[in-house]
Amino acid sequence: MTSGGVLQKASASPGSVANAVADPARGVSTDPRGGHERIGEMMVRKGRMTTAQVATVLDEQSRAPQRFGEIAVRLGIVTVKDVDDALAVQFGYTALEPGAAQLPAKVVTAFAPTSPFAEALRGLRSQLMTRWFDGTPGQTAMAVTSVDRGDGKSFITANLGVVFAQLGENTLIIDGDMRHPTQHQIFGLPNRMGLSGVLSRRAGFEEITQMPHIGSLSVLPSGPLPPNPQELLGRPEFSRMLNDLSSIYDVILVDTPSAQQSSDAHVIAQRAGAALIVGRKDRTRSAELSQLTSILSNTGIRVLGATLNEI
């Protein structure tokens, strides 16, 4: 992960159609984890194909040894995205239908796990796992911050959490932005006691919600906006909370206010031990990223890198 890496806009990736695992005898892909729902069956269940269209594709496949999805796309019956979504389900990636589980389209990686944007985030995930989330004790939490509001840190945090969960990592997103919280909106959750309630000892870990359609992902919203967010975050309770949660979760991503907005991000990053900086393409200046990196690094925080968001 290098400073200035750009996360691409989400769109369907046609390349994955050619990477299906085919069963030539039955003309369909099979689930390598032991599931047996074929692509044609899945398309019928989702209303993307009729049984007659499945039969047409299978008949075509009997004459030409091509994958089921490739033939269906070539005949104009389904789209590349339809096939990609089906393959994502078979290979264990979360691939929700738009509007499913009350999740907004902002959770791109849950709806389009084969998109270029999702691929870019998986590349970022790999580098973070090499640099920080490698199983070393004390390296479970990471702050995600930005230079200014509107740079997309909350959007990146949410989608990065999904791709960690898709890998099977037990992942928790904490909305540490107790000034302008958004994670409850992104994931369609009520914002009751949340983090501020936990830190003020008015609530416990029951405020954490496990996302039912994104297996290994949980979210702790910000809770009511307190008059003293920096003091709450600076209390020993926050460090103890992260320590306790580290025994439960493999990856903890803490969304923070922007660095220019307050010093909360600095406090959170100190407690977490590491930080990822998000900038916005064509708006965030490299000098601003360098300055924020220096400020965090000079106080012992490990800055894992900076990435640019263009969505």
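**Strand β5.** I began with the directions in which β5 points: Thr-171, Ile-173 and Asp-175 go one way, Leu-172 and Ile-174 the other, and all are buried. Buried here means under 20% relative accessible area, exposed over 50%, with partly exposed in between (1.4 Å probe, protein chains only). In a regular strand the side chains alternate between the two faces of the sheet. I noted that β5 covers residues 171-175 and that 5 of its 5 residues are buried. Strands (E, at least two residues) and helices (H or I, at least four) are DSSP runs, numbered from the N terminus.

**What I am looking at.** This is a predicted model, in which local features need pLDDT of at least 70 and side-chain atom pairs count only at pLDDT 80 or more, while totals for chains, interfaces and linings use all residues. Residues are numbered from 1 along each chain as its sequence is written, and side-chain values use heavy atoms, with hydrogens and water left out.

**Partners of β5.** Which strands pair with β5? I found β7 running parallel to β5, joined by 4 bridges, and β8 (residues 251-255), also in the parallel sense, over 5 bridges. Two strands count as paired if DSSP finds at least two bridges between them. On the β7 side, Ile-174 stands opposite Leu-220. On the β8 side, Thr-171 is opposite Val-251.

**Strand β7.** I checked both faces of β7: Leu-217 and Val-219 lie on one side, Ser-218 and Leu-220 on the other, and all are buried. Strand β6 (residues 209-210) runs antiparallel to β7, with 2 bridges. Thr-209 has Val-219 as its bridge partner. I recorded β6 and β7 as a hairpin with 6 residues between them.

**Ser-222.** I then followed the chain into the loop between β7 (217-220) and α10 (229-234), where Ser-222 sits. Is Ser-222 buried or exposed? I count Ser-222 as buried because its relative accessibility is 0%. Leaving out residues up to four places away in sequence, I listed what Ser-222 touches; among them are Asp-175, Asp-177, Asn-191 and Ser-196. Contact means heavy atoms within 4.5 Å.

**Cores.** I looked up the largest nonpolar core and found 33 residues, with Ile-174, Leu-195, Met-241 and Ile-252 having the most contacts inside it. Such a core is a set of buried Ala, Val, Leu, Ile, Met, Phe, Trp, Tyr and Cys residues joined through side-chain atoms within 4.5 Å. Apart from neighbours within four places in sequence, Met-241 is in contact with Ile-174, Leu-195, Val-198, Leu-199, Phe-205 and Leu-220. A second, separate core has 21 residues, including Phe-117, Leu-160, Val-251 and Val-278. In soluble globular proteins, nonpolar side chains tend to be buried together.

**Helix α2.** I took α2 (residues 51-63) next: its 13 residues reach 19 Å from first C-alpha to last, close to the 18 Å expected at 1.5 Å a residue. That expected span is 1.5 Å times one less than the number of residues. Which residues of α2 are buried? I found Val-54, Val-57 and Gln-61. They are on the same side of α2 because they cover an arc of only 65° around the axis, taken from the directions from the helix axis to the C-beta atoms. Ser-62 and Arg-63 are exposed on the other side of α2.

**Whole chain.** Last, I noted 13 helices and 10 strands. The chain has 311 residues, of which 50% count as buried. Of the contacts between residues at least 6 apart in sequence, 75% join residues at least 24 apart.
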